[in-house]
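Dear colleague,

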Amino acid sequence: MRRLLAMVLMLQAVCVGTAFAAKQYLELVVIQPYLEMHTGPGRGYPVFYVIGRGETLTVLYSRTDWYRVRAPRGQEGWVRRDDLAATELASGEPAPIPPYPNFATHRWELGAGYGVYNRENLVTTFVDFGLTDSLDAELALQQAFGTIDNRNIATVGLRNTIVPEWRWFSPTIGIGGGYQSVSDKVPPAPLQKSNELAYASVGARGFITQRFMWRIDWRAYVVFNKLNTSEVLEEWKFGLAVFF
Amino acid sequence: MEIRFGSVLLAALLLSGCSWLHRADQTGPTPVVAEEPQAEPSIVEPQVERRVVKTPKIKARDFELGAYFGALSIEDFGTNPLYGLRAAYHVTEDVFLEGFVARSKAGLSSLEETFPEITVISSTGRRFTYYDLDVGYNVLPGEIFLGRGHAFNSQLYVLVGMGDVKFADKDQFALNFGVGERLLMTDWLALHLDVRDHVFESDLFGVTKNVHNVEATLGFTVFY
């Protein structure tokens, strides 16, 4: 039994060892006169080590616009993105630092925001998937807090960024449909606990920094109910979003 | 004399003739050699395949996930333990987006303590749960020193956001703001100390007012 346990442990150690050995890190050569390493991933953290020209560094991982690197003699520290982008691969090709995202190249976008839905406070979260350069599929989960009722709203839609090349201000239009559930805060209970709805939207979006965006949207909803006339509601919202 | 002159001239002619021959040797066959690879197909096909070099990807560790616990002072209902989860995405070195989910349970209000027969809220309504969506800004990044040998990176940050507070069986729109300190024990493990206030409108005691619910928490997060 003990021998079996020892064998299992050895096998595990070998597996773990190979898994670690299989982990490959990017290696880059410094071609500028020197490369500064900071103690933390921020502009204010002091430089504590310098990698000289011709030396090879290992890139471990990134955090925002900073890269954790290991110097040839084992020191670990943080290098600014622009500094690392100026290094080269051993083959002489430029360092493969991924470019900043833009509307045309991104795929996933995640964000949240505040809005007003039918004169009620609204909390919104959304996730978008880029189908083409300008067309996104959008899922929004929202909660509206009214004085007489609360509404949970889920919508799925399509949104078109009219000129995706415009970086700082780019208008959008969209359509979609969804579902809302109503819970009353004060009696009487609502006639219908849930409704289907459809919307059309007009909005705009733009970058605040290289990876951070603002969004503003106006939506007109048609809420389908059992009465003869459908309810028409308005929604305004402002959100912040990031690309993945 | 004439013979000597003639022989010198002859020698000179011969030499020049040789040099011409030599030059012809240089220029003559060269085009033939140069044309050879163009005219004929190469006999040896290169057997070396182009190597596809795959550069390893750099992993981004912009997410921070963790748990926290502490004390929540629910206005009119005493101070109570609080447990929660938090997840953040760091956008730049300054800005991050963070979400919180937490739960606490309210005690008795002073009215209920004085008059035990009065119940302001039911026992299920005493549950205080919230979610928040916040924007954070690292105002004061820096280092904290422990003795001579240790320096920890830290950031003092401010948070502002909104969300839902469910209390007294009602969902309320709530604003929250606060301040916190992130102390990085290692590059992936952080300790958090936070103080945040959740503000929402309440009419539990007959008058509609903004209630402030301040929490002080300690938490741990990991970057991945």
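In this predicted model, strand S7 (170–184) and strand S8 (189–202) of chain B each supply at least two residues of the lining of the largest cavity, and S8(B) gives the largest share, 3 residues. That cavity has a volume of about 70 Å³, and its lining includes B:Phe167, B:Lys170, B:Phe200 and B:Asp203; by class, the lining residues divide into 4 nonpolar, 2 polar and 3 charged.

The second largest cavity holds about 50 Å³ of space, and here S8 and strand S9 (209–223) of chain B are the elements that give two or more residues to the lining. Among the residues around this second space are B:Phe77, B:Phe167, B:Phe200, B:Val211 and B:Asn213, and the lining as a whole has 6 nonpolar, 2 polar and 2 charged residues. In total, the structure holds 3 cavities of 30 Å³ or more.

The largest pocket, with a volume of about 650 Å³, is lined by 34 residues, of which A:Ala112, B:Leu97, B:Glu98, B:Leu133 and B:Asp134 lie nearest its centre. Strands of both chains contribute at least two residues each to this lining, among them S7 (108–117) and S14 (231–243) of chain A and S4 (95–105) and S5 (127–146) of chain B, and the lining comprises 22 nonpolar, 7 polar and 5 charged residues.

As for chain B itself, it has 3 helices and 9 strands, and buried residues make up 35% of its 224 residues.

With best regards

Methods:
Residues are numbered from 1 along each chain as its sequence is written. Chains are lettered from A and ligands numbered from 1 in the order in which they are written. This is a predicted model: local features need pLDDT of at least 70, side-chain atom pairs count only at pLDDT 80 or more; totals for chains, interfaces and linings use all residues. Side-chain values use heavy atoms; hydrogens and water are left out. On a 1 Å grid over the protein atoms alone, a cavity is a set of points where a 1.4 Å probe fits but cannot get out, and a pocket is an open set with protein on both sides within 12 Å along at least five of seven lines; lining residues have an atom within 4 Å of a point. Grid points are joined across faces, edges and corners, and a volume is the space filled by probe spheres set on the points. Helices (H or I, at least four residues) and strands (E, at least two) are DSSP runs, numbered from the N terminus. Ala, Val, Leu, Ile, Met, Phe, Trp, Tyr, Cys and Pro count as nonpolar, Asp, Glu, Lys and Arg as charged, and the others, Gly among them, as polar. Buried means under 20% relative accessible area, exposed over 50%, partly exposed in between (1.4 Å probe, protein chains only).
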